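I opened the notebook today to look up a few sites in one structure and to write down what I found at each.

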Amino acid sequence: MRNYITTILFVATSLLSAQNATLNINNEKWKGGRPDGHAPISVMADHTHSKGELMFSYRFMSMAMENINSGRHTSSPSHLLKPNGGNYMVAPVKMPMNMSMLGVMYAPSNRITLSVMANYMTTEMDHLTAMGGKFTTKSAGFGDAKLAMLYQFFNANKKQLHGKLGVSLPTGAIDNKDVTAASVGQEVILPYGMQIGSGTFDAELGLTFLIQSEVVSFGSQVNGVIRLGENSNNYTLGNRYSLNNWFAVKAANWMSFSARVEGLAVEQIKGANPTLHPGMIITADTYNSGGRFINSGVGFNLYVPSGAFKDLRLGFEYAIPVYQNVNGSQLQTKETITLGLQYAL
Ligand SMILES: [Cu+2]
């Protein structure tokens, strides 16, 4: 009997201590203070901050587009022109786009992180005309400023879930002009893709799930950009929906490598700017807008774990589309390079 009681007590004590050990593991939080504590640099609103933390970020993004996709298939700009049986007088050939983004994040509490983002964009488009001529248009300016609140639903057991409630303000220009081959020296309004802003207030909603172990981490984010109303030029850019997934390996306490796959759906432009002539150039025809894409990227994050520059980060990512199925005919995306610096105080 005595042995029996001792055994029960022993088992109960073991169970209790085992449970305590499990609780300790369960209490271990998801932490941002490691190189892969932030997502690949192209992903926004991927992390939250602890109460009182302030973070500044600068990102440079360069996107290259060249040649034409008709639906899923590679075509060429000349195929779309009237002399070759196409419907248009002008087709785009190439479009490089560069964007600088400045961001600030601040956490008034452990649950809530606020963020503000501003960006400056420069873009160029090379064209081919039905007569065989070539010309380039340029556009630049400050884009749409974005405000967001991130709300942490839970952080336990090395997992975190947070939501994003944001708004994009119509601060970017939608009236940028340049001289074209057909405008006889006059500056005329540029097509949709050459405008810097959406011209509408846009709701930006997201949900991010993060999980980490000692050396690997994983993140998944759904995002929606919903355009509210119509802009002053009588059109609405397409809503955007994306599902982003990334995986990272912490190679050292200062470096991680990442791989990312994103599914992206962009709706067609609704309405039309009455001053644009859709038969003139394929980028002025709203039919040629929106599509479905699968993008993939590889990158690395560098992180300063201690010392005077603790919490300074540098991230790099190189991304390419592995699938692009566009509405109508549009420029083909080639690659997107993102480089960023982040510093938390
Ligand atoms: Cu941050």
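The entries below follow the order in which I looked things up.

**Entry 1: the model.** I noted at the start that this is a predicted model.

**Entry 2: the copper site.** Which residues coordinate the copper ion? I found that His47 and His49 each contribute their NE2 atom, while Met55 and Met105 each contribute SD, and the distances run from 2.0 to 2.4 Å. I then turned to the geometry, where the four donor atoms subtend angles of 102 to 124° around the copper ion, and because of these angles the arrangement is tetrahedral. Along the chain, the donors of the copper ion follow the spacing H-x1-H-x5-M-x49-M. Within that pattern I looked at the two methionines, which link distant parts of the chain, as Met55 sits in strand β1 (residues 54–70) and Met105 sits in strand β3 (residues 90–106), 50 residues apart.

**Entry 3: salt bridges around Glu204.** How many salt bridges does a search of the whole structure find? The search gives 10, and I followed up some of them. In one of these, the side chains of Glu204 and Lys146 meet with an N to O distance of 3.0 Å. Glu204 belongs to strand β10 (residues 201–212) and Lys146 to strand β6 (residues 146–156), so this pair ties together parts of the chain that are 58 residues apart in sequence. Glu204 also forms a salt bridge with Lys164, where the closest N and O atoms are 3.5 Å apart.

Lys146, at 27% relative accessibility, counts as partly exposed.

**Entry 4: Asp202 and Arg227.** I looked at another salt bridge, the one between Asp202 and Arg227, whose closest N and O atoms are 2.8 Å apart. Here Asp202 lies in strand β10 and Arg227 in strand β11 (residues 216–228), and the pair links parts of the chain that are 25 residues apart. Asp202 is buried, with a relative accessible area of 1%, and Arg227 counts as buried at 15% relative accessibility.

**Entry 5: Glu335.** Last, I looked up Glu335, which lies in strand β18 (residues 329–344). Is Glu335 buried, exposed or partly exposed? Its relative accessibility is 29%, so Glu335 counts as partly exposed. Leaving out residues up to four places away in sequence, I listed what Glu335 touches, namely Ser62, Met63, Ala64, Tyr318, Ala319 and Ile320. With Tyr318, the side chain of Glu335 makes a polar contact to the side chain, at 3.2 Å.

Terms used:
Residues numbered from 1 in each chain as written. Predicted model: local features only at pLDDT ≥ 70, side-chain atom pairs only at ≥ 80, totals over all residues. Heavy atoms only, no water. Helix = DSSP H or I, 4+ residues; strand = E, 2+ residues; numbered from the N terminus. Buried < 20%, exposed > 50% of the residue type's maximum accessible area, 1.4 Å probe, protein only. Contact = heavy atoms within 4.5 Å. Polar contact = N/O pair within 3.5 Å; in protein donor to acceptor, adjacent residues only side chain to side chain. Donors = N, O, S within 2.8 Å, 3.2 Å for Na, K, Ca; no water. Tetrahedral: all angles 85-135°; square planar, octahedral: opposite > 155°, others 65-115°. Salt bridge = Lys/Arg side-chain N within 4 Å of Asp/Glu carboxyl O.
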